[in-house]
Structures are given as structure tokens and as C-alpha cells.
Amino acid sequence: DDGIAFFGGAVNTKYLVSAYNQDDAFDIDLGYVGLGQHWFGLSRDGNVSFGIEWDGARPDENPIYSNPILSNVTLIGPNSIRSELEGVYMRDGTAGTLSNSIISSFTGIGLRLEALPLGISAYGRLLDGEITINNNIWTDFQNSNDPSNFLIVEGGRGSELDSLIKHFNDNNNEAIDPQLRSICYDINNCLDPRPQVGSPAL
């Protein structure tokens, strides 16, 4: 199941580790509005969901919806074409901020936003300034490190993706190697996800 889940509330957290789960590393839903810093998620091959499943409300139009502020998050995917795991999925009318974070090694999708033809959606929150994705590093996706390939607007018709890419570029996101010391998936003390000296993440 999920590693760590927040179903509503406003708890603030630091230094969370979620690894080797069978579903999402982190799950946000039902109006969670806390602050999160220094989260680390590691997903190995065989998982079929997300680094962060970032849901807003049920139903989407509920006046109480998720709006957390997350920073210094590191999400490492399995780096395998056999896995369907994606980095971050924002849907169900969520809002929120993701900043100063590293998202790496997912199958092909780094960030997926849901758009709806009618009503409230995560994409609509982005246009309204209620979603901010800033100062993050995105890298090592199976398709390519081109944002037009690892950013997705689900239900969009083309122009929506252009708006997401513009937000990505305007807010100092980069598709670049963060130069982490060592990423491995075995329990043998070989994992060291700290940035190396000279890393662009420092």
C-alpha cells in the first residue's frame, strides 16, 4: 500500500522516508494543508503508482481541498521500463507548492496534471496561481529529459501542455543531472542520495 498518507489535516513534517512500497511513496488527499520538508521516496521495480499522488478533494468542487507546501523533496523512481511508476500526479482539484526538490528516474512521466472540460481541476488551479512548481530538478526519464515529454496534462488538448511548460520554465525548473552520490535499490548500504560537491542542487 502507500508508504505515508495524509488524509486531511494540517500536520507539518520533516525528514520522512518512504521506500519499497507497493503503491505510492506519499499520498495526499481530502484537504491536507500542511508543510512538508526533506521527504525522501525510493521506489523499486514492480510498483505501479506514483512518487506522490497529490489529490485535492472529493468531490472536486469541495470547498475544502488540499493545498500543502512541500520543499526539499527527493523522489527516486525505479529507472526501469518494466515499471509504470510516475513522479507526481496532481488531480481532483488540488492546489499546492512543490519547490527545491529532485524528481528522478521514473518511467516517462515526471509530472502529470489533471484537466477537466468542466468544473474545478488541478490544471485550473495552476492557471489561477494556486499551484506553484518552482526551483526543482527533473532528470533521468525513460522517454527523454525534454519537458515536453515528461510533463503531461491529462485531458488536455495541446495548449494546456504549453501552459504547463511555460510555468515550468518561468519558475526555474531544470532538466539536469543533480549529481547524487549513489542511487541503488538493494538493502546493502550502497544508497547515498545526497548531492555531490558541485551539484546544481546545492
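Ala, Val, Leu, Ile, Met, Phe, Trp, Tyr, Cys and Pro are counted here as nonpolar, Asp, Glu, Lys and Arg as charged, and the others, Gly among them, as polar. The structure is a predicted model, in which local features need pLDDT of at least 70 and side-chain atom pairs count only at pLDDT 80 or more, whereas totals for chains, interfaces and linings use all residues. Residues are numbered from 1 along each chain as its sequence is written, and side-chain values use heavy atoms, with hydrogens and water left out.

By these classes, the lining of the largest pocket comprises 14 nonpolar, 8 polar and 2 charged residues. A pocket is an open set of points on a 1 Å grid over the protein atoms alone, where a 1.4 Å probe fits, with protein on both sides within 12 Å along at least five of seven lines; lining residues have an atom within 4 Å of a point. Of the 24 lining residues, Asn 72, Thr 74, Asn 100, Ile 102 and Pro 195 lie nearest the pocket centre.

One disulfide (cysteine sulfur atoms within 2.5 Å) is found in the whole structure. Cys 184 and Cys 190 form this link, with sulfur atoms 1.7 Å apart. Cys 184 is buried at 12% relative accessible area, whereas Cys 190 is partly exposed at 25%.

Conventions:
Buried < 20%, exposed > 50% of the residue type's maximum accessible area, 1.4 Å probe, protein only.
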